[in-house]
Amino acid sequence: MLQVLDAEGRRRPQPELDPWIEDVDADALAALYRQMAVVRRLDVEATHLQRQGELALWPPLLGQEAAQVGSAVALRPDDFVFPSYRENGVALLRGVPALDLLRVWRGSTFSSWDPNETRVATQQIIIGAQALHAVGYAMGVQRDQADVATIVYFGDGATSQGDVNEAMVFSASYQSPVVFFCQNNHWAISEPVRLQTRRSIADRPWGFGIPSMRVDGNDVLAVLAATRAAVERAADGGGPTFIEAVTYRMGPHTTADDPTRYRDDAELEAWKARDPLTRVEAHLRTLDVDVDAVLAQAQAEADELAAEVRRALEALEEDGADRLFDEIYAEPHQELERQRREHALYLQQFDDEEAGA
Amino acid sequence: MSERMTFGRAINRGLQRALADDPKVLLMGEDIGALGGVFRITDGLQAEFGEDRVLDTPLAESGIVGTAIGLAMRGYRPVVEIQFDGFVYPAFDQIVANLAKLRARTRGAVPMPVTIRIPLGGGIGSPEHHSESPEAYFLHTAGLRVVSPSSPQEGYDLIRAAIASEDPVVYLEPKRRYHDKGDVDLDVAIPPMSPARILREGRDATLVAYGPLVKTALQAAEVAAEEGVEVEVVDLRSLSPLDTGLVESSVRRTGRLVVAHEASRTGGLGAELVATVAERAFHWLEAPPVRVTGMDVPYPPSKLEHLHLPDLDRILDGLDRALGRPNSLDSVDAFAAPETAEQFLAAQNAGEETR
């Protein structure tokens, strides 16, 4: 497993990755820390908001901040992201407003951003389906001769899905500019990763003719370097790359899940010692950086974002009945228009009753 | 100016025209390049437009539709060929869970102008999985449009309309009619997909069909006419949305309705159409509507398919039922008490015991 910063925050020489992060100085590392802190805070805030009834559900990413921030920061502005449902950190860093992410999990909408503007596709709940969309998008990029890489996020469970395997076949055959970014967080709800694969996940892509890297997914520098390398290969016409970011889902699958039923506290404690933020903090303390100022600034940014989304969420107005029928079809649909009219007449009765009473 | 050509060739010409008119149109599928598809519908198109626009894909139907979705997100208009009707199921998840829903999911930001061509139905003596009629699965999926042409001209018109549509369209090709010939006007403007058509007027009964059975329905009307019965034949063209208005108007004139399709009866298109007519045109019905359909069985071995598929005689029998003429169900007492499931099971169990 490739690692640049170990769990204690010591920088290890890593010839395969070091050239890709030569530009990351103390300030840049401090910025990565701030971004991870903000992502963590939004995630924790959202978990609280779910407990308070403001959100219907939330899929926490606690513990996966380095995997999400390191990979998102490696992307260029035109690169296109195909997320699963857990990449709220990636989406935030790519410019999707935090409120828009929360509205999805509140149950207000399925998507409130334009993927063509944010370069982030709508979150995908069908496990692994987005891998094919990413490859198709990349096939379009090849035809456009555009300088764009696509990156698709999925988890260890998704590697068992046909769609992810088919996506690898298609991208290898067509040499499409795709980065397969697998966050192996060790658990697919209650199923351990050993149920999905006998060998390491990163072994599998080689059989498809796709080079892969297995990196410490809790090491933001290793993830950043690996993703930059993969994006560059895609952009240079080198075809797909697979990255297995080995990380850990410290929280539940979603707020509806209870991980105490299927995993040991000891495992969680062991992974807490490999926290993606503390190792960066430890490393910053060995550099010429005012670490307390960095932490204070990160805290302030995180607090501000958390307060802002809470305020915005409380002021939110939900869509009405008419929205139910909108944008199902691009072109007129006679039966649906009939149902819209009949539904309006049904609702009209209650307005009439109110007016009469 | 019209040219005489086969149904398959007419679809080929429609695809060629779409490729020539719009550089964003791509064809994708298994064996569609050098071979021209197992039915030769894409014959010559890769040679004309190149491998970047007419792609042979790996043998993975979910992969084909899933990558078509990604291409559409990038601004392309993919036209996917599924080799046989019974091979579409691996792609079902991508069609139902993503293709159909992406526009709604993104509140209109991501249109899905994808066409899925599927050879439809039986009657050609094929092995298992090569003769199915899966249209009801797609009718039941909001966000999709479903069409099925009945003639070479409709084949040409509807494939162009499907490709031009901003909505995802499942285009069902009646494979046993691929070799039928007809005159095709290649210069017509692209017509709208959703209107049904009255192919033959008649005042005694409305006979509704689509795709492969339209030809059989017209033959039935011809035979009925020899017996003095005037049958109005409606070709649906679009299965979703359904032009129920046109069918209702016809039923108001004739008072009688027969719907014919190869697909199984339960939960099929006939059920939808009959229910809608019963709801909205009840007062004009002179007799209960009749469905003439495939049986609720897995598509049978080809030596038995003639027993499963509605043919000319079964459609005529259905017309006789709707018209109150002597028919196969005359001996069934329509006024006998209906049998409940409990009574049915009790009778079955009693039968077991006596055996």
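Reader: Hi! Into which domains is chain A divided?
Author: Chain A splits into domain 1, covering 18-314, and domain 2, covering 322-356. Those bounds come from an automatic or database domain assignment. This is a predicted model, in which local features need pLDDT of at least 70 and side-chain atom pairs count only at pLDDT 80 or more, while totals for chains, interfaces and linings use all residues. Residues are numbered from 1 along each chain as its sequence is written, and chains are lettered from A and ligands numbered from 1 in the order in which they are written.

Reader: Thanks! How far apart do the centres of those two domains of chain A lie?
Author: The C-alpha centres of domain 1 and domain 2 of chain A are 40 Å apart.

Reader: And chain B, what are its domains?
Author: In chain B, domain 1 runs over 2-185 and domain 2 over 197-323. Their C-alpha centres are separated by 26 Å. Where they touch, domain 1 of chain B gives 25 residues and domain 2 of chain B gives 22 residues. Two residues are in contact if their C-beta atoms, placed from the backbone, lie within 7 Å.

Reader: Which elements of domain 1 of chain B give two or more residues to the side that touches domain 2?
Author: They are helix 6 (135-139), strand 6 (145-147), helix 7 (152-164) and strand 7 (169-174) of chain B. Helices (H or I, at least four residues) and strands (E, at least two) are DSSP runs, numbered from the N terminus. Helix 6 of chain B brings the largest share to that side of domain 1, four residues. By class, the side of domain 1 of chain B that touches domain 2 has ten nonpolar, nine polar and six charged residues. Here Ala, Val, Leu, Ile, Met, Phe, Trp, Tyr, Cys and Pro count as nonpolar, Asp, Glu, Lys and Arg as charged, and the others, Gly among them, as polar.

Reader: Got it. Zooming out, how many helices and strands does chain B have?
Author: Chain B has 13 helices and 14 strands. Its C-alpha atoms fill a box of roughly 65 × 55 × 45 Å along the principal axes.

Reader: What percentage of chain B counts as buried?
Author: Of its 355 residues, 54% are buried. A residue is buried if 20 or more other C-beta atoms lie within 10 Å of its own, exposed if 12 or fewer, and partly exposed in between, with C-beta atoms placed from the backbone. Also, among the contacts in chain B with a separation of 6 or more, 79% join residues 24 or more positions apart.

Reader: New topic: how many residues does each chain bring to the contact between A and B?
Author: Chain B brings 36 residues and chain A brings 34 residues. On the chain B side, helix 3 (61-73), helix 4 (92-99) and helix 5 (102-105) each give two or more.

Reader: At what angle do helix 3 and helix 4 of chain B pack?
Author: They pack at about 25°, with their axes 8 Å apart. That makes helix 3 of chain B roughly parallel to helix 4 of chain B. Axes are lines fitted to C-alpha atoms, for helices over the stretch in contact, and angles run from 0 to 180 degrees between N-to-C directions. Angles under 35 degrees count as roughly parallel, over 145 as roughly antiparallel, 65 to 115 as roughly perpendicular and the rest as oblique.

Reader: Which residues of those two helices meet?
Author: B:S62, B:V65, B:G66 and B:I69 in helix 3 of chain B meet B:D93, B:Q94, B:I95, B:N98 and B:L99 in helix 4 of chain B. That contact has four nonpolar, four polar and one charged residues.

Reader: Last one, what about the backbone at A:I189 and B:D31?
Author: A:I189 has a positive phi of about 45° although it is not a glycine. A:I189 sits in the loop between strand 4 (187-188) and strand 5 (191-192) of chain A. B:D31, not a glycine either, has a positive phi of about 65°. B:D31 is in the loop between strand 2 (25-29) and helix 2 (45-49) of chain B, and counts as partly exposed with 16 C-beta neighbours inside 10 Å.
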